[in-house]
Amino acid sequence: MNIFEQFLNKISHKFPKGYPDMNNEQDISLLENLVSDVLDEAFTVFPKSEDEIENSKIKQLYSIVKSYPKLTLEDPIVLDPSKPNLVKISRSLQRDSKFIEYLSNQLSTKFDPLNGGKWNGLIINWGEGSRGGRGVKSKGFGFEDELYADLETLRDEDINQSNLDKFTYPNLIMEIAKELGLEQDNFTVIKESSKNQSRPLTFEGGNPVVKFSNTTAAATLTDITINKGSDTYYLSAKFGSTTTFFNSGITKVLPESEIKSGEITNPNGKSLLETLGIDNKTFCEVFNEYPDGNFSSSNGATTRYDSSKIANLIKSGIGEGYYIVTAGRKGYEFYKIDSSYLNEASDITSGVEVYYGGLEGKGKRVDIIFESALYKFKINIRSKTGSVYPTHIMCDYYKK
């Protein structure tokens, strides 16, 4: 097994299919960031003063970065001794639009908030080096940071033809500003994504639903909250065409002990399987027989599901009263989830297909695929820790 295969085996559990799908934008973005994290580890020098830097050009860059008025980091750059002309600036500064503007002005060259730039013979990019864990770790979080920075710039300077180059997503910001009536100094913006508020799977009247840890679905799902006078607007930021509506723990609903016994016997667990059209015995066999089992002959359309209960589960997982903002290689979308939209989004318009062992029938997962008028859904039940037995139920969606 070569080193690349070892790396893929190590990270395979992070991907819905058990491997990175190169036709899926979210998988590509995750893979890029995982590879970037590995490459970052070669950067091991964290200078805390100019005296620790030999290269005069890097010394000059360090002085410029350290002179940024809002800087709080003691060691904002990281170096790789084997690559003397390559410098990485902490990702914690990457989301600061004012730092990007400051650096561009100081270097007299446009500095890209995503890809960095070149200056005075140096290649400058973003990264944390071997310390890791301090900056933007995923493309999804990167988009939230970019959107937040753009909204801060809108609040501070408004948006017009003369300052479009200060925004990462100028057209999107203009659309948001028009929809919400945002102008310079008439709103505040709060970044909420770090709260990562829970959405547990619960049961009402014996039927599965997703609950929200905050007072409303919108307040739980928000990544960025905008306050304008007496009005509050919640934005849920998504990167890529395939993202997740809910991601809930199920170890108490589908406990390992019951799976090992060959049958889910608790009422909530049975209700969940029946709602999704999953055969109880085959479900347990998927995990008990891994990695030797092959369930491809059992996969495909099922008639056992309950469409109204699935719609109710999806409706509870989506929630309402907020805006979804997405970005990806195909551009951006900005739309409101209200009650009318929610009904159209959650009512099932297709049959249901169940894939024991995933699409190939050999994995430690069960996938359920169906559609509404607005989305293609894939619910998957699997482990998020790399173990055999399932820990979570996730609902991924692709907007049509």
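Guide: A residue is buried under 20% relative accessible area, exposed over 50%, and partly exposed in between, with a 1.4 Å probe and protein chains only. The model is predicted, so local features need pLDDT of at least 70 and side-chain atom pairs pLDDT 80 or more, while totals for chains, interfaces and linings use all residues. Residues are numbered from 1 along each chain as its sequence is written, and side-chain values use heavy atoms, without hydrogens and water.

Visitor: What makes Asn120 partly exposed or exposed?

Guide: Asn120 has 40% relative accessibility, and exposed needs over 50%, so Asn120 is partly exposed. Asn120 lies in the loop between β3 and β4 (122-126); strands are DSSP runs of E, at least two residues, and helices are runs of H or I, at least four, both numbered from the N terminus.

Visitor: Which class does Ser108 fall in, buried or exposed?

Guide: Ser108 is at 69%. The cut-off for exposed is over 50%, so Ser108 counts as exposed. Ser108 sits in the loop between α4 (97-107) and β3 (117-119).

Visitor: What is noted about phi of Ser108 and of Asn120?

Guide: Phi of Ser108 is near 55 degrees, a positive value, and phi of Asn120 is also near 55 degrees. Most residues other than glycine have a negative phi, and most peptide bonds are trans. The bond from Tyr290 to Pro291 is cis, with omega near 10 degrees.

Visitor: What makes a set of residues a nonpolar core?

Guide: The members are buried Ala, Val, Leu, Ile, Met, Phe, Trp, Tyr and Cys, joined through side-chain atoms within 4.5 Å. The largest such core has 50 residues, and Leu276, Ile278, Phe283, Ile368 and Tyr375 have the most contacts inside it. A second, separate core of 26 residues includes Ile159 and Phe167.

Visitor: How do you know that β8 and β9 pair, and in which sense?

Guide: Pairing requires at least two bridges found by DSSP. Strands β8 (residues 224-228) and β9 (residues 231-239) have five, in the antiparallel sense, so they pair. Within this pair, Ile226 stands opposite Tyr233 in β9.

Visitor: Why are β5 and β13 at the edges?

Guide: The open sheet runs β5-β8-β9-β12-β13, with mixed pairing. β5 (188-191) and β13 (331-337) each have a single partner strand, so one side of each lacks a neighbour in the sheet.

Visitor: What does helix α6 touch?

Guide: Helix α6 (residues 170-180) packs on the sheet, touching β8, β9, β12 (322-328) and β13; contact means heavy atoms within 4.5 Å.

Note on methods. Axes are lines fitted to C-alpha atoms, for helices over the stretch in contact, and angles run from 0 to 180 degrees between N-to-C directions.
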